[in-house]
Amino acid sequence: MAKDAGGILVALATGLLLVMLLPTRFTPVLLMIAPLLPALALDDRRALAGWLAAGVIYGLVWQGWVHSLRPTVDSGDAVMVTGRVVTLPEAVHGRQRFLLRPAAIEGRRGGLPRRIRVSIYAPTPRVSAGERWRMKLRLRRPRGFMNPVRFDYERWLASRHIDATAYLVAPESAERLTPATGLVHWRSVLSERIGDMSGTDGPGRALLQGLVTGDRRAFTDGIWDVLRATGTSHLMAISGLHIGLMAAAGYGLGGRLWAWLRLPGRRRLTATLTAFSAAGAYAALAGFALPTTRALVMFAVLAFAALAGRRVAPVRLLLLAAVVLLLLDPASVLSAGFWLSFLAVALIIMVARGRRLGRLNGLWQIQIGLLVGLAPISGLFFGSWSPLGLLANLVLLPLFSLIIVPVALIGTASGLVWPHGGGILLGAAAGLLNRLMAAGDWLLAKGMTEWPLDPAGFWTWLSMAAALILLLAPSGTPLRPLALPMALTFFLAEPRGLPRGSVEVTWLEVGQGNSAVIRTAHHIQVIDTGPAWSGGGNAAAFTLLPFLADRGIRTVDRLIVTHADRDHRGGLNALDSAVAIRRIDAGEPLADFPEARACRAGIQWSVDGIRFRYLWPDRAHRSEGNEASCVLLMEAPGGRVLFTGDIDAAIEARIAADLNAPVTVIEAPHHGSRTGSSDALLDAAQPAHAVVSAGFRNPYGMPHAETIARLRCRRIRVHDLGRTGSLRLLLAPEEPPTVWGMRPHRGRLSHESPALRRFRAGRQIHYDRRHYAVLDGEIDQPTCGN
């Protein structure tokens with residue numbers, strides 16, 4: 001075995017990280033590493049290769065086990081599920097949502113999903129935390145939209161051990177088997193009691209519930225806006241700060257108990273065990289949420305290593321804590337909290353190492369190190385950074401550590417036996433929090449919001465890394481004064497623009513609907529906004545709006561709403577609230593936007609060397625519904641793209657005559673329906689690629705097997721967004737088109753594989769039972785005729 005313990009930890013952690021973070025297209029690399037496991041038998045540094053392989057194998061086996069717990073892809077029928085509600089249920093827009101830990105699933109053999117995310121779209125039954133239910137659910141594998149935005153729903157589900165999603169079928173048949181019991185029920189009751197004792201309906205009430213029990217259901221968008229703008233969201237997550245406070249209080253109490261009760265053994269042992277008990281009790285109060293569990297594991301490793309009297313370097317202890325957490329829960333690496341927690345501790349160690357820091361000077365230097373050092377992670381996961389974080393945390397960290405959190409905990413504990421006394425303390429804490437939130441609202445009103453981060457490329461990240469190294473280096477280090485200007489290149493960077501004549505088109509996966517963004521050198525044009533849903537939500541909130549925000553786009557030069565069906569205009573109001581829209585073109589009148597102009601055949605315009613022209617609706621015909629769809633032809637030096645809306649074969653035949661040259665990409669009309677993509681259109685367009693924007697396993701049978709057959713028999717490459725996620729097309733002068741699908745390129749093992757087709761073993765899984773034509777590397781070859 002290698003004697004380098006630090007090297008072993010690094011190699012093992014690296015193997016685990018590779019499995020969890022690398023896209024699946026790098027799986028051959030992992031399979032090349034795995035056979036190095038026998039190197040563990042070596043007694044020199046070559047054994048590190050064996051530890052790397054051990055991490056890879058452990059991660060692969062763990063991922064395989066998780067996938068075995070998911071429902072089968074073609075389980076379309078509802079099944080009876082018995083289980084316990086293990087989280088605090090949320091009720092939003094008339095919908096209930098909660099996590100269910102199943103104990104039995106009808107017809108299920110083998111392992112059960114660890115957690116099922118259940119939605120109820122009915123006023124009854126009303127569920128409570130800790131209850132045991134038997135209900136009929138339609139199970140789904142954990143699949144979400146795959147778009148180039150920072151929030152990844154599938155990764156979020158995986159990080160929270162959710163192996164299936166479901167919705168309730170036949171609500172009247174749901175049966176409550178046992179009343180609410182257990183820790184989660186007690187947390188729910190305690191959270192309500194804290195709210196009642198605080199005596200306020202302001203944000204202070206919600207913040208107190210979040211601080212003590214981890215219940216953030218009452219956090220409004222306004223509260224989150226203030227927390228993000230001031231860089232204080234971490235104060236609301238029961239993690240390192242809170243666990244550390246409880247551990248410190250427990251350590252002091254344990255030391256006094258040892259002296260008062262004259263307990264046997266060492267004082268440090270009693271104090272450490274009491275500290276761990278206090279921290280563990282607080283973690284249980286928070287429901288052992290992932291940030292809380294992560295902080296508890298870190299504390300346990302650090303505390304018991306110190307208890308053992310081992311003089312271990314802080315960096316090695318931090319590595320040990322990370323490896324322990326990764327072995328217990330490899331999926332924790334998928335969350336931003338994992339990286340923020342460990343990087344924050346590492347930065348504190350680096351700032352404090354080898355320096356004599358006074359209290360005020362030390363706090364100031366540590367805050368600067370955290371503010372700058374955590375910026376890359378903040379930009380990567382959240383796309384923003386809070387300049388106010390430095391001053392806000394200098395004030396609020398001591399305030400929370402010394403006053404708010406202790407008062408909240410003491411008030412809660414005393415309120416259980418003396419409600420009046422507890423109410424006084426909690427009311428005072430809530431009042432202080434209300435004032436702090438009012439101050440935050442004032443800062444937001446003055447325009448002191450988050451700073452968007454759009455790091456542009458490898459060299460910008462390299463400059464930031466060099467700046468951090470210089471910033472944390474000892475005084476007198478050569479080139480150290482360059483740290484600040486090098487860091488500024490990261491904070492001021494913007495995405496690289498396109499040259500004139502180039503165009504990028506991104507078709508977003510929005511489910512059963514359409515949405516595409518066209519970006520040229522200096523202009524942004526959007527075609528459709530995706531669907532709206534019966535519950536009041538819309539796909540744009542999770543797709544189009546984050547896509548624009550992540551790229552710093554605050555103005556849309558032209559929005560084209562192909563027609564007024566809800567699957568094309570569902571996010572229109574949300575888009576209008578989020579960005580400035582200079583012009584709206586529409587195939588049909590839009591009630592909320594009377595200023596929208598009608599798109600008519602013959603209207604054309606050019607921007608940045610790219611020409612656009614409407615081919616339909618014809619001025620001589622009054623159309624409505626699908627027949628009114630705007631048909632747009634985009635012509636660039638690098639290729640042509642045809643956007644078709646929901647037109648049918650009759651209109652396709654009319655516009656085919658206007659296609660005087662082949663197109664590079666065609667948007668399959670009407671989501672690939674049977675009535676679209678006619679021979680007349682395909683013969684005239686002769687596309688190399690076809691984009692099908694249809695929801696995965698949608699109930700409308702789209703895309704239809706006959707449509708796919710027509711496309712593939714012409715050797716047209718089909719990009720089915722429901723399978724492959726969003727699609728990016730780059731057209732540049734004198735260069736071949738670049739087409740990039742997100743799910744095949746970015747999907748990790750924790751994501752659903754694009755190989756899980758809409759159809760399986762030569763038959764359709766969900767839409768209809770007839771044979772589905774396939775090509776190139778798939779199961780069968782179609783019969784294309786003569």
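Helix α24, residues 705-713, is mostly covered, with seven of its nine residues buried. The buried positions are A705, T707, I708, A709, R710, L711 and R712. Just after α24, R715 adopts a positive phi of about 60 degrees.

The structure is a predicted model. Mean pLDDT for the protein is 85, and 90% of the residues reach at least 70. Residues 759-782 stay under 50 in pLDDT. For this stretch the model has 67 contacts beyond four places in sequence.

Two packed helices are described by the angle between their axes and the distance between the axes. Helix α1 (residues 5-21) packs against helix α11 (residues 314-328) at an angle of about 35 degrees. The two axes lie 10 Å apart. The crossing of α1 and α11 is left-handed. On the α1 side, the contact involves A5, G6, L9, V10, L12, A13, L16 and L17. These residues meet R316, L319, L320, V323, L326 and L327 of α11.

An open sheet is built from eight strands. Their order is β17-β16-β14-β12-β11-β10-β25-β26, and the pairing is mixed. Strands β17 and β26 (738-741) stand at the edges; each has a single partner strand, so one side of each lacks a neighbour in the sheet. A586 has A598 of β17 as its bridge partner.

The model contains one disulfide. A disulfide is a covalent bond between the sulfur atoms of two cysteines. Here the bond links C599 and C630, with the sulfur atoms 1.9 Å apart. The torsion about the S-S bond of C599 and C630 is about -80 degrees, so the disulfide is left-handed. C599 lies in the loop between β17 (597-598) and β18 (604-607), and C630 in the loop between β19 (610-616) and β20 (631-636). The pair therefore ties together parts that are 31 residues apart in sequence. C599 is buried at 0% relative accessibility. C630 is buried too, with a relative accessible area of 2%.

The loop between β19 and β20 also holds P617. The peptide bond joining W616 and P617 is cis, with omega about 10 degrees. Another cis peptide bond runs from T124 to P125, where omega is near 0 degrees. P125 sits in the loop between β4 (116-120) and β5 (132-140).

Positive phi values also occur in loops. D608 is not a glycine, yet its phi is positive, about 50 degrees. This residue is in the loop between β18 and β19. D608 counts as buried, at 8% relative accessibility. A170 is likewise a residue other than glycine with a positive phi, near 55 degrees. It is placed in the loop between β6 (164-168) and β7 (175-178). A170 is partly exposed, with a relative accessible area of 25%.

Technical notes: Residues numbered from 1 in each chain as written. Predicted model: local features only at pLDDT ≥ 70, side-chain atom pairs only at ≥ 80, totals over all residues. Heavy atoms only, no water. Disulfide = S-S within 2.5 Å. Helix = DSSP H or I, 4+ residues; strand = E, 2+ residues; numbered from the N terminus. Buried < 20%, exposed > 50% of the residue type's maximum accessible area, 1.4 Å probe, protein only. pLDDT = per-residue confidence, 0-100. Contact = heavy atoms within 4.5 Å. Pairing = 2+ DSSP bridges. Axes fitted to C-alpha atoms, helices over the stretch in contact; angles between N-to-C directions. Left-handed = near helix turned anticlockwise from the far one by under 90°.
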